[in-house]
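Dear colleague,

Please find below the structure I promised to hand over, together with its sequence. My notes on what was found in it follow directly after.

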Amino acid sequence: MKRIYFTTMLLFLAISSALRAQVEENKTTQKGHTNTNKFKQLKDEFNTPNSQHTASGAPGANYTQQKVDYRMDIVLDDANQKIYGEENITYHNNSEDTLEYLWVQLDQNKRAKDSKTPDIEGDGAETYYTPEKFASHFIDKPFEGGFHIVHVNNSKGNPLSYHINRTMMRIDLPKPLASGKKFKFNIKWWYNINNHVPRRDRSGYEHFPTDGNNLYVIAQFYPRLAVYNNVEGWQNMQFWGRSEFALEFGDFKVNITTPKDHILNATGVLKNPKEVLTKIQLKRFKKAQTSFEKPVLIVTQAEAELAETKKSKEIKTWTFDAKNVRDFAFASSRKFIWDGMAVNIAGKSVMAYSLYPKEGNPLWEEYSTKVVAHTLKEYSKYTFNYPYHKAISVHSKNQGMEYPQICWNYGRPRPDGTYSDRTRDAMIGVITHEIGHNFFPMIVNSDERQWTWMDEGLNSFVETLTELSFDSNFETGNLPRDIVAYMEGDQSGISPIMTQGNNVHQFGPNAYTKPAAGLYMLRKTILGGKLFDHAFQTYAKRWMFKHPTPEDFFRTMEDASAVDLDWFWRGWFYTTDVTDIGIKSVQQYRVTDKPTEKMMQLVKPYGITTPEQLRPFIYLSTEEITEGEPEKALQVKLLDDFIEANYKSKEEAKLPTYFYEVTFDKPGGLVMPILVEYTYADGSKERKKYPAKIWRKNDREVKKIITSDIEIKNIVIDPDLETADVDTSNNLWPKAKSSLFDKKKEKLLKE
Amino acid sequence: MSLTQINYSEEQQTLQIIVRVFIDDLETEINTLSQDKIELGTEREPLNIDRIYKSYLNSHLHFYIDKHPKPFQYIGNEYKNDQVFFYLEVAEIDSIQSLGIQNTVLNNSFQEQENIVKTSIYDKHKSFILTRNNSNAFVSTKK
Ligand SMILES: [Zn+2]
């Protein structure tokens, strides 16, 4: 006891005197700093929790949400590509606040002649122009798009005062709307439907010159109430074309009148199938509802091809009833083939449907509905049981766009009906993604206008798991290794994920891939499937049919997993830092009783100059072995005696043969777990994971002593590329002799 | 978007270049200007694809070492997922004072094309984002 006390004191003295020497040389008063630790909690970045959005990440006791119900009569004028509508809106003020006006979104005004959307994009002369492009730039009058508001009336038919500010319309309430009250009003409107193909719009029509027909995918087509919520008040940020939507839930009753030979599907339950389908189609429609194995054709290709040539002048009306949806969209064409099958979601039967023209075949009849069914099942596993009665995938050129229960997807074979693997996989990918959007944001209803990543990132993440379960070799493009090219890029072209969507550089990697890859990493590498899945599911269930914020997600993931993840959110979501962990050096040690040079230096100030003056110690030494020194650890008498006295046998005291000190350095700004694979001389391998917290006291460098019975041949960091390490050239010990380039060159020259 | 990584190997005295491009983008680009429409990375890819790639890259990528233009050797390409990787090499470079790069890859078809160029020479790393308006990069690489 005493002797130990003495030596510790001695060491302490030696160290503190060394420190004193340093302080005396350095006379300038040092500057302090604030807490910049990467593990600092996100108290400054997060909104203060309250009784609406709680500290646990759940909706609180005073959480409120508005409700908006719509009754609409819509007419699709196929001959002139116009759409007419009249809507009766009931606005329920469930908030605690009194409202003086309502904000309505007029998204079509993005295409109005006076739209400012083109004005915020820089442009210059092109190198060359196709005649179409030249005409659209310099000859043609701008498209007469945008809403024509015929009237805005109260429920008695008297005009209401309103003001249009581009894509937003303010309706002045005749008297303030108190908490708990509702307000009914009526809007009548029409607009010219755009051809969505040239400018890749989210909705519109595609014209097929060979048969003269149009295929309509119609969305953002009626004046829609803006969100009024507990964190933003009115979400009335303009629609510029990129950052998508924020919408309230409500009930819809919609009548849509189309040419008699159109096939149409929409959000909601089709209330009058008998009136709009032929007898035989109705029979197949019912048969599909009991077909769990494979899709049933409800409208065949032959029927669609016949309709293409007839172009009926008669009309019919489709009636839909949708409960608790945030939006309404529909697709209509006489070109549509329609198939469907039933999916068993936890004992409830849900319909998977596809609508496609003959141009989509044979790819679409083969894959689309099956992918819809698979997506609904997989997403239900990771979130909640899909609560709606159907999900529809609609074939539409260049589109990948989502609405409640219905979405538009690309994937068109060549004119001769053949298709490449790339076309097929891209189509499977986009259908999985857009059907997946039913969960995020159609049900877990985050604010897309503010935070693109909350729906795109979370959705791309579950999409990735879904694609991998569809085909374990599927190239999802959303894994941590897939985001490296973006993250290692020039910082001027990168924004933190926590950036409003319109202002983001490289939108796809920023709002889709990076959050998806981050969550994949969190699930696979940091939390593990069990903890992660429970927490992620908790978030999805808590915020079903509600409006979550980023903090609600971050907080719930911690609340439900009991793991502090602030360091991860901070690094991955709030900064543009990168992962780069390397092996700086590896030092091998042997065990000896001969004091090392370092030790002798340490004790010199105390008059100890020879080993004999020093009490015996055990040393890990890198110095060359000298005569008389023990060759093996057990030849160190001090150690041998200790083992003899304290262990049953020498075998019980398993003494390692090899001692290494590995220095890991971290040129990257992100903290991450260190994943290491040690390969031994006999070829055996061992993996070790050091938690990210290893960096909490030193953000640059950490050392670890590794012991083994067999010599270590090599060490690899992150062998499975799980952490998006941007520079893997420092991940190897010993360093690789030939570069990736050399290896590829050798291979390519051989071919 | 394209990504070009340029490393100088002192040992082999070569400039090793890897260019990554999305296949769909390159297909659009190559087909905008030519009469014949071709497919890339499918079973219908033309047999002389290496010649097409070589001549495309020759007219859209230029390297200047110590201010003199230097041709590169096209070693080959590799498809990986939805991207194509090109391997190029500029041989017999015993030292570099400066490297100039002109990169106009995909600039014909994509107005907002960003070509990222990263260089690693004598352990010094630089990175550039080249656009239509600014398609040149210059690195001084004195030791
Ligand atoms: Zn999406």
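**Salt bridges and the chain contact**

Over all chains, the structure holds 52 salt bridges, a salt bridge being a side-chain nitrogen of Lys or Arg within 4 Å of a carboxyl oxygen of Asp or Glu. Please bear in mind that this is a predicted model, in which local features need pLDDT of at least 70 and side-chain atom pairs count only at pLDDT 80 or more, whereas totals for chains, interfaces and linings use all residues. Residues are numbered from 1 along each chain as its sequence is written, chains are lettered from A and ligands numbered from 1 in the order in which they are written, and side-chain values use heavy atoms, with hydrogens and water left out.

Within chain A, A:Arg284 forms a salt bridge with A:Glu303, with 3.0 Å between the closest N and O atoms. A:Arg284 lies in helix 4 (residues 279–288) of chain A and A:Glu303 in helix 5 (residues 301–310) of chain A, so this pair ties together parts that are 19 residues apart in sequence; helices (H or I, at least four residues) and strands (E, at least two) are here DSSP runs, numbered from the N terminus. A:Arg284 counts as buried at 18% relative accessibility, while A:Glu303, with a relative accessible area of 24%, is partly exposed, where buried means under 20% relative accessible area, exposed over 50%, and partly exposed in between (1.4 Å probe, protein chains only). Also in chain A, a network of salt bridges links A:Asp211, A:Glu308, A:Lys335, A:Lys358 and A:Glu359.

Turning to the interface, 36 residues from chain B and 31 residues from chain A take part in the contact, contact meaning heavy atoms within 4.5 Å. Between them, chain B and chain A bury about 2,700 Å², 46% of it on carbon and sulfur atoms; buried area is the accessible area (1.4 Å probe) that two parts lose on being put together, summed over both.

Nine salt bridges are counted between chain B and chain A. One of them joins the side chains of B:Glu39 and A:Arg414 (2.3 Å, N to O). Another is formed by A:Asp416 and B:Arg44, whose closest N and O atoms are 2.9 Å apart. That pair crosses between chains, from A:Asp416 in the loop between strand 23 (406–409) and helix 7 (421–436) of chain A to B:Arg44 in the loop between helix 1 and helix 2 (49–60) of chain B, and B:Arg44 is partly exposed, with a relative accessible area of 39%. The side chains of A:Arg422 and B:Glu27 also meet in a salt bridge (3.4 Å, N to O), a pair that crosses between chains from helix 7 of chain A to helix 1 of chain B; A:Arg422 is buried, with a relative accessible area of 18%.

**Strands and sheets**

In chain A, an open sheet of seven strands has the order 4-7-2-1-13-17-15, with mixed pairing; two strands pair if DSSP finds at least two bridges between them. Its edge strands, each pairing on one side only, are strand 4 (148–154) and strand 15 (269–270) of chain A. Strand 2 (residues 82–92) and strand 7 (residues 182–192) of chain A pair in the antiparallel sense over 11 bridges, and A:Lys82 has A:Asn192 in strand 7 as its bridge partner.

In chain B, six of the eight residues of strand 1 (residues 2–9) are buried, so this strand is largely enclosed by the rest of the structure. Strand 1 of chain B pairs with strand 2 of chain B in the antiparallel sense over eight bridges, and the two form a hairpin with four residues between them, where B:Gln13 in the turn has a positive phi of about 55°. Strand 1 of chain B also pairs with strand 8 (residues 115–121) of chain B, in the parallel sense over six bridges, and B:Asn7 has B:Ser120 in strand 8 as its bridge partner.

Seven of the seven residues of strand 8 of chain B are buried, so strand 8 too is largely enclosed by the rest of the structure. Strand 8 and strand 9 of chain B pair in the antiparallel sense over seven bridges, and in their hairpin, which has two residues between the strands, B:Tyr122 takes a positive phi near 50°.

With kind regards
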